[in-house]
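Hello,

Here is the structure I promised to pass on to you. Please open it alongside this email, and then read my notes below.

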Amino acid sequence: MASILIIDNEHPIRKDIYTFLTRDGYDIRTTFNGAEGIELAITNDFEFVMIEQKLSDYDGLKVLQSIKQVKPETVCFIIASEPCYEIAVEAANLGACSYVPKPLSYEGLSFHLSKGAKHRQLYIEARNLRRERYNNLLELSREKSMFKTVLNSINGGVLVINSDGALVYFNNASLVNLNLDNLEPGEPILKKLPPQIIKQVSEYILADKFTSKVSEIELEIIPNNKLYIQSVCSHIPRNNDNFSGVVLVTRNITQKREIEQVKSQFVSMVAHELKSPLVAVEGFLQILQNPEIKLTDEKKDEFIKRSSERVKSLFQLVNDLLDISRMDKKEKYRELEVINFLEVVQSTVNLFELEFKKKNILVKINADEKIPMIKAERLEISRIVSNLFSNAIKYNKTDGEIIISLFGNENYLNFSIEDKGIGIKDTDKPKVFQEFFRALNKQTRNVSGTGLGLTIVKRIVESYHGKINFESEYGTGTKFNVKLPIFKN
Amino acid sequence: MNIKKILLVDDDFDLIEQNKLILESKGFEVVTAESAEKGFRLFEKELPDACVVDLIMEHHDSGFILCYKIKKTEHGKKIPVIILTSATYETGYKFSASTDEEKSWIKSDGILNKPIIVEELISKFENFYNREH
């Protein structure tokens, strides 16, 4: 039901008009002063407000202005006992729908109200349209900024080129990946790209029709392995068979390449290490078969013995390699158990008894009374101890000494093996944990080994979040220290 | 060709002994060293008629460096120096002295695979002397 507020010093309409309007469905309220009128109009939703031009407390136009400021959709009329052209114009400027002279008749009022209703309807429609448009724009700009934010935060470079070879869009990563300072949308981009990419992109730009084929190349942007990228090029489809341009996605693959290089280097080293003992064995076999070379029986026996040593070392190497390759997967499938480290040490010492007795080496174990337990796979822990212990025997002097100590503190179990052997030269120290590194000198000449033992130890220790280091003085001895996290219930 | 004395440098004692026996059976006199450093000292002392040098000893390029040092000496320029290695293309070490650039920095007069094939080695020596004289 439409509601009307009438602000006038006197009752402006006759009783019968009031009755007619009520019958027509209007809800009418009246007030005699401007201040109350403003208050009522602002706090309620009147469709129509009729304001007497000359109120006792306010100028009617002032009231009109105050209401319109807050409720622009309210249709206001100025009613005037003394109509005046200038005031009518001003009222219209302030947003009045009509300027209605007194006395008010039913017909006159009906006319103005129905005109006002249309006025109001148009206003509300216009306002809704405005709101809708605003919301659409907001959504659009949100989408646009989201698109931009996403493209700028992805690690890959995205570069869009139209079919004329002009730059349409690029994100930050594409500048970084192509090592470019800046680009301007619209500029001819091809000449700024590396030759391999120009070739790649040109094929797509010059194509007759759309293809879903994707071209993928890898290239160096900054030499010396500083920046290596993968560049993927594809068409942007338009209509059926056509394309509107080319999108180039670049990805930094420097790290991946580094890993590949390390891997292939490792494979090369492995191949070399596998080949060396084979070459030696083959050499012995050839010499033993060579009629031109005369050998004593002792020499023949020695060569056979040496061949079998080399074959043994080859087995050891293969086992070590398998251990290393298993290690990465193993972390996931470990069978963890609570282990008493001292037990592992004692059983390892027993296992190697023959070997250290051969060199007359004295083995001392210093352990705290109560050794904290650790949680690990038994096989791996005994590998740590046996690799370090066998090194301590191999690189020890005859009549030497090995001191093993074990003690725990708050978080770690500390385990160390100290030998009184040949020690490690300062120049060799950085390479001790490196794959296939074996110090070569007079003292190590007759010591066999794969060069993988300490690599394996370090890998195992670190996979349990432990630490390993060593102290050594050439000619005096070496001490390896291992820290492993203890198991807490 | 008049090769009498050959210097063998290799850090693998088994291979030194084998190659020494093979070369001696062909009538050469063989002197041996088990490191690049000792090899160079022995070269200076013995002034051999040919050198056979293992590539990977203490370091991955020990053989190259020893070759380079030998070839810089007056005597070294006059004799063939052959590099011996099991680190070949098949095992992933990509080198050969095929391009001019590689020839310019690899100072050896040939690269041979292990194990040594004596006939191959001798023909390398012959090639060198035929070219030089």
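**Salt bridges**

A:Lys364 and A:Glu401 form a salt bridge, with their closest N and O atoms 3.0 Å apart. The term salt bridge stands for a side-chain nitrogen of Lys or Arg within 4 Å of a carboxyl oxygen of Asp or Glu. This pair links distant parts of the chain, joining A:Lys364 in strand β12 (residues 362–367) of chain A to A:Glu401 in strand β14 (residues 401–408) of chain A, 37 residues apart. Helices (H or I, at least four residues) and strands (E, at least two) are DSSP runs, numbered from the N terminus.

Before going on, please note that this is a predicted model, where local features need pLDDT of at least 70, side-chain atom pairs count only at pLDDT 80 or more, and totals for chains, interfaces and linings use all residues. Residues are numbered from 1 along each chain as its sequence is written, chains are lettered from A and ligands numbered from 1 in the order in which they are written, and side-chain values use heavy atoms, with hydrogens and water left out.

Are the two partners buried or exposed, or in between? A:Lys364 is partly exposed, with a relative accessible area of 37%, while A:Glu401 counts as buried because its relative accessibility is 19%. Buried means under 20% relative accessible area, exposed over 50%, and partly exposed in between (1.4 Å probe, protein chains only).

How many salt bridges does the structure hold over all chains? There are 31. Another one joins A:Glu52 to A:Lys102, with the closest N and O atoms 2.8 Å apart. This pair also links distant parts of the chain: A:Glu52 is in strand β3 (residues 48–52) of chain A, and A:Lys102 is in the loop between β5 (98–101) and α5 of chain A, 50 residues apart. Both A:Glu52 and A:Lys102 are buried. A network of salt bridges links A:Lys299, A:Glu302, A:Arg306, A:Arg310, B:Asp12, B:Asp14 and B:Glu17.

**Aromatic rings**

Over all chains, the structure holds 12 aromatic pairs. Rings of Phe, Tyr and Trp (its six-membered ring) pair if their centres lie within 6.5 Å; planes under 30 degrees apart count as stacked, over 60 as edge-to-face and the rest as tilted. A:Phe356 and A:Phe389 are an edge-to-face pair, because their planes are at 80 degrees, and their ring centres are 5.9 Å apart. A:Phe356 lies in helix α11 (residues 353–358) of chain A and A:Phe389 in helix α12 (residues 378–394) of chain A, 33 residues apart. A:Phe356 is buried at a relative accessible area of 6%, and A:Phe389 is buried at 0%. A:Phe470 and A:Phe480 form a tilted pair, 5.4 Å centre to centre and with 35 degrees between the planes. One aromatic cluster is formed by A:Tyr26, A:Phe48 and A:Phe77.

**Chain B**

Chain B has six helices and five strands, and along the sequence they follow the pattern β-α-β-α-β-α-α-β-α-β-α. Of its 133 residues, 53% are buried. In chain B the charged end of B:Lys69 sits over the ring of B:Phe40, 4.6 Å from its centre. For this, NZ of Lys or CZ of Arg must be within 6 Å of the ring centre and within 35 degrees of the ring normal.

Happy exploring!
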